[in-house]
Amino acid sequence: AGVNVDITKRKQAEQEQQRLAAQRQLALDAARLGWWHYDPASKLVTWDERYREIFGVLDRQRPIEEILTRLHPDDVPPVRVAIEAALNPVDPKPFFAEFRILRDDRSVRWVEARGIATFEGKGDDRRPTSLVGTVQDITERKQFQAELERLVAERTAKLQELVTELEHFSYTITHDMRAPLRAMQGFADLMSETCGSCSEQEPKGFLRRIRTSASRMDSLITDALNYSRTVRQELTLLPVDAGALLRGMLDSYPELQPSKARVEIKGDIPLVMGNEAGLTQCFSNLLNNAVKFVKPGNSPQIRIWGETRGQWVRIWIEDDGIGIPQSMNPRIFDMFSRGHQSYEGTGIGLALVRKVMDRMGGKVGVESQEGRGSRFWLDLKSGDTRAAYAR
């Protein structure tokens with residue numbers, strides 16, 4: 001004897017549950033999410049295959065305290081706080097935490113966990129029955145965020161440096177430009193007051209001084225514009241034949257001709273990674289200074305050579321001029337620093353050299369004693385890629 005029961009609807013319901021479960025798992029896999037369940041009564045955490053993969057564990061269940069030992073020590077307290085807040089029967093909060101895990105293979109991974117608790121009972125008898133949620137490996141995102149923060153901090157620092165330089169530049173250039181203007185105005189007033197009774201020579205002297213002041217202001221404006229343009233422009237770095245560049249300058253610059261100065265390039269100068277226009281500015285300023293800052297009546301003697309130092313090339317420019325006072329050495333490359341007031345100059349040239357070298361990833365320095373000449377050096381990465389590769 002027996003009975004037959006139609007269980008079609010029950011089977012259909014089971015199949016629907018299986019279909020929904022498969023769809024949920026597909027969604028979890030698509031999002032690379034793991035699933036976990038915490039039982040507050042037994043203090044056990046159960047998880048799925050994705051969770052095992054992320055945490056690097058073999059089993060499927062462990063006590064919550066063992067799980068917490070796998071977290072970075074700095075991250076344990078906030079995770080505990082998040083769990084307590086989620087299981088608070090009075091005012092539960094959705095569980096959310098980002099933390100680092102220390103895997104058995106000694107690797108460190110960043111993890112994002114989310115969850116929500118279920119409760120039973122009412123009033124004072126209300127208690128949590130489970131905390132269920134997902135876990136996701138966010139290591140790549142954290143690495144990207146760290147790199148982005150580093151870039152932002154680096155560019156912010158460069159921007160702050162630029163703003164500081166421009167503020168200093170603006171104040172100083174305004175102050176220095178007023179001096180020749182005041183001189184021009186003063187001498188023009190003197191001419192107006194005295195031209196009625198002055199000799200022919202006096203107006204010529206006033207005019208000469210006005211021209212000198214105007215010429216100085218023109219130099220200030222020109223050097224200021226060059227510095228401002230250098231600060232703002234991008235310098236593309238390519239291998240540059242510094243020796244050929246220097247020889248071309250010696251052929252074309254009037255102040256560097258044999259009749260005015262003796263300039264000797266010793267040996268071959270290695271290729272450097274730089275910007276040709278930027279290097280031309282640096283060489284021009286250093287060579288012009290070497291020609292200008294000599295004792296009256298002396299013909300400038302200048303020696304140039306290069307040497308390889310590992311993956312770097314150092315180019316020396318040595319002169320037999322008046323040298324630099326010891327007190328000026330620490331600030332010789334600062335804006336508007338001038339060691340000798342009796343020589344014409346704006347105090348921008350060496351600051352421009354330092355700025356250009358910074359933009360090309362190089363350095364500039366000097367060895368000098370007052371009365372014994374100066375040796376300036378420029379350090380740049382080697383432009384000989386084969387030699388750099390071989391090293």
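A charge is taken to sit over a ring if NZ of Lys or CZ of Arg is within 6 Å of the ring centre and within 35 degrees of the ring normal. R375 lies over the face of W316, at 4.2 Å from the ring centre, and K142 lies over the face of W110, at 4.6 Å from the ring centre.

The model is predicted: local features need pLDDT of at least 70, side-chain atom pairs count only at pLDDT 80 or more, and totals for chains, interfaces and linings use all residues. Residues are numbered from 1 along each chain as its sequence is written, and side-chain values use heavy atoms, with hydrogens and water left out.

**Aromatic pairs.** Rings of Phe, Tyr and Trp (its six-membered ring) pair if their centres lie within 6.5 Å; planes under 30 degrees apart count as stacked, over 60 as edge-to-face and the rest as tilted.

| Pair | Distance of centres | Angle of planes | Class |
|---|---|---|---|
| W36 and F95 | 5.7 Å | 80° | edge-to-face |
| W47 and Y51 | 4.8 Å | 15° | stacked |

W36 in strand β1 and F95 in strand β4 are 59 residues apart, and their pair links distant parts of the chain; strands are DSSP runs (E, at least two residues) and helices likewise (H or I, at least four), numbered from the N terminus. Buried denotes under 20% relative accessible area (1.4 Å probe, protein chains only). W36 is buried at 7% and F95 at 6%; W47 is buried at 3% and Y51 at 4%. W47 and Y51 form one aromatic cluster with F55.

**Cavity.** A cavity is a set of points on a 1 Å grid over the protein atoms alone where a 1.4 Å probe fits but cannot get out; lining residues have an atom within 4 Å of a point. The structure holds one cavity of 30 Å³ or more, and about 200 Å³ of space lies in the largest cavity. Its lining comprises 16 residues, of which Y51, I64, I67, F95 and F99 lie nearest the centre. Helix α3 gives the largest share of that lining, three residues. The lining consists of 16 nonpolar residues, with no polar and no charged ones; Ala, Val, Leu, Ile, Met, Phe, Trp, Tyr, Cys and Pro count as nonpolar, Asp, Glu, Lys and Arg as charged, and the others, Gly among them, as polar.

**Helix α9.** Eight of the 11 residues of α9 (residues 349–359) are buried, so this helix is largely enclosed by the rest of the structure. The buried residues include K355. Just after α9, G361 takes a positive phi of about 75°.

Methods: Buried < 20%, exposed > 50% of the residue type's maximum accessible area, 1.4 Å probe, protein only. 1 Å grid on protein atoms, 1.4 Å probe; cavity = no way out; pocket = protein on both sides within 12 Å on 5 of 7 lines; lining within 4 Å. Points joined across faces, edges and corners; volume = space filled by probe spheres on them.
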